[in-house]
Amino acid sequence: MPSIDFKDSNHPFALQMDTGTLTALRAAEPVLWVNPHWQAQADEVALDGATIERSAMDAAHQRLQRWAPLLAQLFPELQESQGHIAAPLRAAPAMAQHLGLEPHQLWLQCDHALPVAGSIKARGGFNEVVEHAERVAQQHGLWQPGSDLQVLLAPAARKLFAQHEVAVGSTGNLGMSIGIMAAALGFQATVHMSVEAKEWKKARLRQRGVQVIEHTGDYAQAVAQGRAQANANPLAHFVDDERSRSLFDGYSAAALDFAVQLQASGITVDVEHPLFVYIPCGVGGAPAGVAWGLRQVLGPHVHAVFMEPVQSPCVLLGMAVADAEGPHPDVYALGLNNQTEADGLAVPQASELAVAAMRQVLVACGTVTDARLLELLYQLDVHEGMCIEPSAAAGLAGPQMLQTTAGQQWLQGQGVDAHLSQAHHVAWTTGGSLVPAEQYAEFYARGQAISAAQR
Ligand SMILES: *Cc1c(COP(=O)(O)O)cnc(C)c1O
C-alpha cells in the first residue's frame, strides 16, 4: 500500500492509503479503507507498559455477573434480566433482503436495547464504575475481594462514596452509562458534555442527580477539560475514554455473551463460514473492546469492520497513520468538520488504546453519510419494527461496503470471496432505546423523505 505524506498545522504525518481513497475521504464521500496490518495471528498489544490480557476480559465478565443481584436492586428495569446486562442477537430477514443479502445472512446485536444505559456503553461504563466502587470500599476497609458485595449498597458505603467524585467526558451515551451508575451508587457524578450532546440526554442525567457541565467545544475538548477538573480533586476518578483499560475490558466482555448467542442461533464461525461484524465507531473504545474480545473468543474468521461518519473518521485516520507510534492527527487536518447527526460518533481524534489494540485485528474502516444513516434508521423500522438512533444505524451500511473495489480486493486476497454465500453479517445496533418518541419521529421522517427521494 502506498504511503502519502501529509501535513497538518502541528506536525507532518504519512497516511497508508491510495490517492483515490484519500480524495474521497477528504471530500466526505463514503470509503472503505482496508487495514494493511491485519494478521490472522495478532501479536500481543501493550500500551502504557501493560499488555492487554484475555484474563481481563474474563474478569470483567465475572465482575458484571457478581454485581447482577445488586444492579437488579438498584434498577427496576433490570429485574427482568436479574441484573444481567444483556441484549438479544436477532435475525433481520427483511432488512437483509433490503440490503441485498439472503434472509438468513443478516443479524443484529441489539445493544440499543441494553437496559439502563440504552447503548453499547453499558458494559464498559458499568464495569469501570463498579470496579472503582470496589477499589474505594477496599481502600477504606469496608470490603474485601471475595466477600459479600451487598455491603456496597449499605449506608456506610453510600456515605463514603458521597465524598468521592466520578467524572467523564462524553458526547452523550458514555455520560449516561457512567453518570447513572455512579449516581445510583451514591458517588458525586459529573459529566462533561461536548457540543453535540442532545438535550434529552442532559435532562435525563440531571433527573438522576448527575451534574452536567456543558462545553461549547468538541468531544476531545470536553474530555481534556473534564480530565483537568477531575485532576484538581484528589477524591475524583476520571473515566478516560481515550485510554481506559477498565472500559475496554467491560466492552470486550460482550464477546463472551455474543459467542453463546451465536451458538444458540446455530451460527458457526470457521473458514467456510466467515462472520462479518460491523460496529459503529466514535473514539474507538467500545468497538475496539468488542472486536478484540471477538477475536479472542471466535478466532481469525470473525472479521471486524468499524463504521464512522464521513465527517468524523478518526479511527480510520489513526489506523492509517504509517508511524504507529506517532501522535494521531485529528479529522480537521483532512479538512473535515466532525459535524454529524450521529452524536455518539462525533469524535475528532481516536483513542490511542483503540488504535493500538486494532492494529492487527481490524479488517477495515468504512464511512457513511448522515443521509444514509437516517435512511437506514427508517428502513430498519419499516422492515424489522426496530427503533435505533442514527449512530447505531452505521453498522447497517457495512455489508454494502464489501462491494467496493477495496472490499472486493480484500475478499479475494484473503480467499474469503469463495465462502461469501455462507457468510453471516452482524450489524451491532449500538444505541437508541431511550430516544424520546418526539426526537425519534423526526429522525424517522427525515429518513423517510430521503428514501422517497431515491425511488
Ligand atoms: C459511543 C457509541 C459508539 C462508539 O463507541 P466509541 O467507544 O465512541 O467508539 C457507537 N454507537 C453509539 C450509539 C455510541 O453511543
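View 1. Asn173 reaches an oxygen atom of the ligand with a polar side-chain atom, at 2.6 Å. Thr430 places a side-chain N or O atom 2.6 Å from a nitrogen atom of the ligand. The ligand taken alone exposes 380 Å², and the protein buries 99% of that. These areas come from the Shrake-Rupley method with a 1.4 Å probe.

The model is predicted: local features need pLDDT of at least 70, side-chain atom pairs count only at pLDDT 80 or more, and totals for chains, interfaces and linings use all residues. Residues are numbered from 1 along each chain as its sequence is written, and side-chain values use heavy atoms, without hydrogens and water.

**View 2. The shell around the ligand.** The ligand is surrounded by 16 residues (each with a heavy atom within 4 Å). The closest are Lys121, Asn173, Gly282, Gly284 and Thr430. By class, six are nonpolar, eight are polar and two are charged. Here Ala, Val, Leu, Ile, Met, Phe, Trp, Tyr, Cys and Pro count as nonpolar, Asp, Glu, Lys and Arg as charged, and the others, Gly among them, as polar. Helix 11 (residues 285-298) gives the largest share, three residues. Helices are DSSP runs (H or I, at least four residues), strands likewise (E, at least two), numbered from the N terminus.

**View 3. Asn173 in helix 6.** Helix 6 spans residues 173-185 and includes Asn173. Asn173 is buried, with a relative accessible area of 7%. Buried means under 20% relative accessible area (1.4 Å probe, protein chains only).

**View 4. Helix 9 and its cap.** Helix 9 (residues 245-252) is mostly covered, with seven of its eight residues buried. Among them are Leu247, Phe248 and Tyr251. Ser244 caps the N-terminal end: its side-chain oxygen lies 3.3 Å from the backbone nitrogen of Ser246.

**View 5. Gly432 in a loop.** Gly432 lies between strand 15 (424-428) and helix 17 (437-454). Gly432 is buried, at 7% relative accessible area. Its C-alpha atom is 6.7 Å from that of Cys387, 45 residues apart along the chain.

How values were computed. Polar contact = N/O pair within 3.5 Å; in protein donor to acceptor, adjacent residues only side chain to side chain. Buried < 20%, exposed > 50% of the residue type's maximum accessible area, 1.4 Å probe, protein only.
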